[in-house]
Amino acid sequence: MAAIFVALGVVYGDIGTSPLYVMKAIVAGNGGLASLSDSFIIGALSLVIWTVTLLTTIKYVMVAMQADNHGEGGIFSLYALVHRRAKWLIIPAMIGGAALLADGILTPAVTVTSAVEGLRSIPVFDGLLGEGQGAILAITLTIISALFIIQRLGTKAIGKAFGPIMALWFSFIGLLGLWQVFSNPIVLLAFNPMRGINLLFSEQNNAGFMILGSVFLATTGAEALYSDMGHVGRKNIYGSWPFVKITLLLNYLGQGAWLMHANSNAALLHIEDFNPFFEMMPSWLRLFAVLLSTMAAIIASQALITGSYTLVSEAISLNLLPHLKIQYPSQTKGQMYIPLVNNILWLACLGVVLYFRTSSRMEAAYGLAITVTMLMTTILLFEFLRMKNVRFALSLFMFVFFGTLETTFFVSSATKFSHGGYVAALLAFLLFIVMFVWYKGNKIENWQRFEYPMSDFINQFRKLKEDDSLPVFANNLVFLTSNQNPGSVDRDILYSILDKRPKRADVYWFINVAVTDQPYTQEYKVVDYGTDFCFKVQLRLGFKIEQRINIYLRQIIQEMMEEGRIKPQRQAYTIYQEKEIGDFCFVLIRKAISPESNLTIFERLIMSTKYNIKTLTGSPAKWFGLENTNLIIEQVPLFLKVRKANHLTRVD
């Protein structure tokens, strides 16, 4: 039960706050309260019920959550499972991931603003807020800022605090809806899917098929639910979803039941930004509802923020985004905090709130991006089902059914493009460009990446070590490498030591860091190539262990000296009485575009953009705890095919 409370606090915020704006958007899209008939209300409720059932329950909870990558969910985890089936699958993965990250920016803005605007339904507060939107914006910006500031505490701590609140929220909206359903049980006819289908072709539906753009808002949190699976576990989602779905549907039905009575109330016809969620409850209950809905909106934002951390972490592991500093506040690797991502989301959310100003304008941008993500997930799920040898007919039916449904939602949501949807599209496009540049740039670099057997160069290293004509560069020359093969060394490192400037040292170290799934692993392995001056070390560090490479290397050297595998490096000049370990020089290799490289204009643009992005994502020195060491960041050229140099003619 404790784990289920955490799941309520972390996973369901987005979909759980949809009653704040779904029926509001449907009513406004049809022309307001006066345009509603009983059959329209029942048809709209039917569309909502079956959208939540088909997309959230069947597609995501029952199907997609079976496609987990070591417990992690989300579109990038799904891609990691199926990427070997076809190279082109990287495109839907990048498009879907970019769109979901864009949705993570919009969710805090629209949900918090919708909740705070509920204060307008209370006459006393409406007077205090005054004319205009200034006070609403100030409260919204303060809440959003506080939410992003507390992220560093970790999702477990946040989930423990938010879980009971969300349990109260779902109980509240469920009972509120049930109370209204008792007064008008005819709304239960909405469980008949034909009522929704008939509404799409009905003259009472002024929006036509475009009503689906508003209906879709009821299931926007489904993709976040899948992405957050690694934070709380699949079983906890299975255990909590039935309760969540029942309370959501009860509230939608309750709003519909109330609207059937309210559409004849002349006093309600002139309310600006009419919201049936707040209007259907007694006036004495509204302040509590606003406070509770604001807390639920904060938690909705939390679901997308934690999902964004997971997405970015997975994108990094797939080489779709640059290496970022990731912190793990709890004992579970799935629960993480990425400072740079947190700050970017924070600033972007503030920008969205200031640009749109009202929740009704934000709703126009909301939902469009997530329809794209759902479509891309459907493509990848089809490949996953085929990989699992599910019958082709069944896999194809799933693909065609959900693909058609989501394409319909996408087309209906696309009508919002000029009313604010362009913001979501622009955010998703920018994120896609970053991923594409990083992916393509890595491909170009991999074309020139070569590994050589270290045994072929031992004699050269021995000769260089003993060459008295060269000054000693360092006692211990240390290169960090991503190459995990113990018998080989990257050509870039060999080029730096032997060609660029021969670097004489007593001992050459090649360090590879492997992060394990356990929090506190502290292990290492050493390969000596049959020498006492060339070593390849793999550090196996748990995800919660700080990567202080210089400290660990000193420990390794000390132990190897005690074993007689390395000669003591006694110093003639030192402030210490006994010092057997000499000085260190750490080298980080960075690629640079050489003017002689035979790159196309497009490839040069990709590489220069990639390297500019890399400079903005933090220093590798901080990742490895080398900021206070003797560190050299060395540029080496991309060893691609060299252009033929122009021949000079000598003249007298």
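Visitor: Against which elements do the buried residues of α22 pack?

Guide: This is a predicted model, in which local features need pLDDT of at least 70 and side-chain atom pairs count only at pLDDT 80 or more, while totals for chains, interfaces and linings use all residues. Residues are numbered from 1 along each chain as its sequence is written, and side-chain values use heavy atoms, with hydrogens and water left out. Helices (H or I, at least four residues) and strands (E, at least two) are DSSP runs numbered from the N terminus, and contact means heavy atoms within 4.5 Å. On that basis, the buried residues of α22 pack against α23 (491-500), β4 (504-516) and β6 (534-542).

Visitor: Which residues of α22 are buried, and why are they said to line one face of the helix?

Guide: Buried means under 20% relative accessible area, exposed over 50%, and partly exposed in between, with a 1.4 Å probe and protein chains only. In helix α22 (residues 458-465), the residues that are buried are I458, F461 and L464. Seen down the axis of α22, where directions are taken from the helix axis to the C-beta atoms, these buried residues line one face because they fall within an arc of 125°.

Visitor: Which exposed residues does the face turned away from the buried side of α22 carry?

Guide: The question concerns the face of α22 that is turned away from its buried side. The exposed residues found there are N459 and K463.

Visitor: Which residues are linked with F461 into a cluster by ring pairs?

Guide: Rings of Phe, Tyr and Trp (its six-membered ring) pair if their centres lie within 6.5 Å, and planes under 30 degrees apart count as stacked, over 60 as edge-to-face and the rest as tilted. Through such ring pairs, F461 is joined into a cluster with F479, Y508 and F510.

Visitor: How many aromatic pairs does the structure hold, and how far apart in the chain are F170 and F243?

Guide: The structure holds 22 aromatic pairs. One of them is formed by F170 and F243, which are edge-to-face at 6.3 Å centre to centre, with 75° between the planes. This pair links distant parts of the chain, since F170 lies in helix α9 (residues 155-183) and F243 in helix α14 (residues 234-262), and the separation is 73 residues.

Visitor: Is S214 buried or exposed?

Guide: S214 lies in helix α11 (residues 212-215). Leaving aside its neighbours within four places in sequence, S214 is in contact with V22, A25, I26 and K416. Its relative accessible area is 12%, so S214 is buried.
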